[in-house]
Amino acid sequence: MTYRFRDLLALEPLSADELIFLLDQSRPFQAIQRNPLKKLATLRGKTVALAFFENSTRTRISFGTAASRLGADTMNLQAESSSLKKGESLLDTVHTLNAMKPDCLVMRHAASGAADFVARHLDIPVINAGDGTHEHPSQGLLDALTIRDRKGSLANLHVTILGDIAHSRVARSNIHLLSKFGCRFTLCGPAMWVPRELESIGPPGASIRRVFRIEEALEDADVVLVLRVQTERLHEPALPARDYILLYQLSAERLRLAKSDAIILHPGPMNRGVEITPEVADGPQSCVLEQVTNGIAVRMALLFLLLVGGSEEEAHPAAEMQEPGERPSTDAKKDPSHAAR
Ligand code: NCD
């Protein structure tokens, strides 16, 4: 089966088969991260423009590293020092970048829908690296890849999401992806961050419940997604930080209420000692650093698929770099033509 993607703007419109395809195409790139030589020539001669209109450390470095490991060059727009500060419009900025002839645009913007808007005006593929509170599709995919590695499958898991869900594009992308595999969700945080409308953000029939006691939320959880608390949103008198910590911090003691093999995800950057204790962040159930490593594999797959296109039948560009024994199994049906060339 072959899927073609023009852009990657959101996970909501993608089918379970398309999502599995994206995860399967990421797998061989995971193996490359373990190689002493990590560079391929797949995108040699291509240019990826990175336009981050909002601050980012890991996502920008991750896309940049993914591009260079595929042999592509990058163009970098730094929002703080760009003409945006001189009043240039978003469209003028991206048209200017596009006039330098990149082959793809990866963009982050504080406005929900910004990537979609830009994609409608450009003839090159656009990847949404986070738009406001809407979606962060590459983060949703790298989280799913991490979960699938640790749990063996994405099917029917109980996923508890803790924190400021109302403002989280990471939570939305995770819900849109995982709900297509029968996962059920428990959302937990202060009432103002877990509004009722979140119960209906998934597809029809998705199981999403709100709970306001962390102890109840953690019960029976397979996956615990801890969101970053934006400390500027924690203030007197509505929500002092000490109350948040007291009521919602994920501690080792609380984690014992989840399943004994539950895994912890956090998109970063972490506020240690606020939403998560250092003991949990660094503990055996934490997947935080695996998420970062998997981020590069997912982004390599996205750049490859959007710039070149690939299919389950064709040889994967990373195939020749893998030891045959390393070839990982997948949820999808196996095809013997996948074997190394
Ligand atoms: C997230 C983001 O910016 O959406 N971080 C990330 O991309 N790794 C989450 C966050 O900043 O809270």
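Figure 1. A nitrogen atom of the ligand is 3.0 Å from a polar backbone atom of Gly268, and a nitrogen atom of the ligand is 2.9 Å from a polar backbone atom of Pro267. An oxygen atom of the ligand lies 2.8 Å from an N or O atom in the side chain of Arg228. A polar contact here is a pair of N or O atoms within 3.5 Å. Taken alone, the ligand exposes 320 Å², of which the protein buries 88% (Shrake-Rupley method, 1.4 Å probe). This is a predicted model, in which local features need pLDDT of at least 70 and side-chain atom pairs count only at pLDDT 80 or more, while totals for chains, interfaces and linings use all residues. Residues are numbered from 1 along each chain as its sequence is written, and side-chain values use heavy atoms, with hydrogens and water left out.

**Figure 2. Two backbone details in loops.** Between Gly268 and Pro269 the peptide bond is cis, with omega near -5 degrees. Pro269 sits in the loop between β9 (263–265) and α10 (278–281). Helices (H or I, at least four residues) and strands (E, at least two) are DSSP runs, numbered from the N terminus. Lys101 is not a glycine, yet has a positive phi of about 65 degrees; Lys101 belongs to the loop between α3 (90–99) and β3 (104–109).

**Figure 3. Helices α1 and α11.** The axes of α1 (residues 16–32) and α11 (residues 288–307) come within 8 Å and cross at roughly 115 degrees. Axes are lines fitted to C-alpha atoms over the stretch in contact, with angles from 0 to 180 degrees between N-to-C directions.

Methods. A polar contact is a pair of N or O atoms within 3.5 Å; within protein, one must be able to donate a hydrogen and the other to accept it, and residues adjacent in sequence count only if both atoms are side-chain atoms.
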